[in-house]
Amino acid sequence: MTDEPARVAEETLSRIDFTLPHSARVWNYLLGGKDNYAPDREVGEQILAAFPSIAYIARQQRSFLARAVRFLVHEAGIRQFLDIGTGLPTADNTHEVAQAAAPQCRIVYVDNDPLVLVHARALLTSTPEGACAYLDADVRDPGAILQAASDTLDFDQPIGLMMLGILGQLPDDDDAQSIAGQLLGGLPSGSYLALNDGTDTDEALNAAIAAYNAGSASSYHLRSPERIAAFFDGLELIEPGVVMTSEWRLAPGAIGTPVEVDAVCGIGRKP
């Protein structure tokens, strides 16, 4: 008798190119994870050498994810999440944070890296009251994402759209704006967009990312803070607006001044 999950995992793994670095695996290395390979580590070290603060930016993005999900659950009443560009599972994944606050939360993860999908299917398990689903899909096909997500999420109720570091993987500004607009257009009133991306505000970071793009299977494209803020056009921005990732709604009792990072984030509500 065939072990179907094992067969699917084997077929998925066969799609992985271990010879080229990939953004999800490089990011995993920068976060101190173990789900990466020699080309990913080599590029990660090159980026760290050119721009040592990249590891801090990576940690700040994960911290923002947790703060954003807690805000959406506790203050906005969101119980459904569409997380696009999931990345490799680490600590405080979207479903873990959401379901710790409200066990009935339902989460759909979307990624097109086969290694991410293998780990997601194995590690990202839901509470009995809620649900987790994993879509093998590309952000460039928002219609397919929305259609497949409707099998798990109720599109008559508000949804939290998580787009952390994913729009930077789209080189064309118009395409990125259009895709974000199509995804939001398919969500009901009262839904939220949580977004984080790197900025082009440091020449060393610009050079490091250019070097990464030259030799990677994927690419990342830094934008100005103003251009990233434009993704929230038509939404009601939640205070404090679009700010450095290290500044957004720090936990009560946080000590010290946030370290400046070349990344911004924000959350907006669809009217």
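Here are a few questions and answers on this predicted model.

Student: How many residues does helix α9 have, and what is its reach from first C-alpha to last?
Tutor: Helix α9 runs over residues 203–215, which is 13 residues. At 1.5 Å a residue you'd expect 18 Å. The model comes close to that, with a reach of 19 Å.

Student: What do the buried residues of α9 pack against?
Tutor: Start from the buried side, made up of Leu205, Ala208, Ile209 and Tyr212. Their packing partners are other helices: α2 (23–30), α3 (38–50) and α4 (54–74).

Student: Which backbone nitrogen does a side-chain oxygen of Asp202 reach at the start of α9?
Tutor: Check the start of the helix, where the Asp202 oxygen comes to within 2.8 Å of a backbone nitrogen. That nitrogen belongs to Ala204.

Student: How many disulfides does a search of the whole structure find?
Tutor: A disulfide needs two cysteine sulfur atoms within 2.5 Å. For Cys105, the nearest cysteine sulfur is that of Cys132, 9.8 Å away. Cys105 is buried at 0% relative accessibility, and Cys132 is buried too, at 18%. The number of disulfides found is 0.

Technical notes
Residues numbered from 1 in each chain as written. Predicted model: local features only at pLDDT ≥ 70, side-chain atom pairs only at ≥ 80, totals over all residues. Heavy atoms only, no water. Helix = DSSP H or I, 4+ residues; strand = E, 2+ residues; numbered from the N terminus. Expected span 1.5 Å × (residues − 1). Buried < 20%, exposed > 50% of the residue type's maximum accessible area, 1.4 Å probe, protein only. Contact = heavy atoms within 4.5 Å. Polar contact = N/O pair within 3.5 Å; in protein donor to acceptor, adjacent residues only side chain to side chain.
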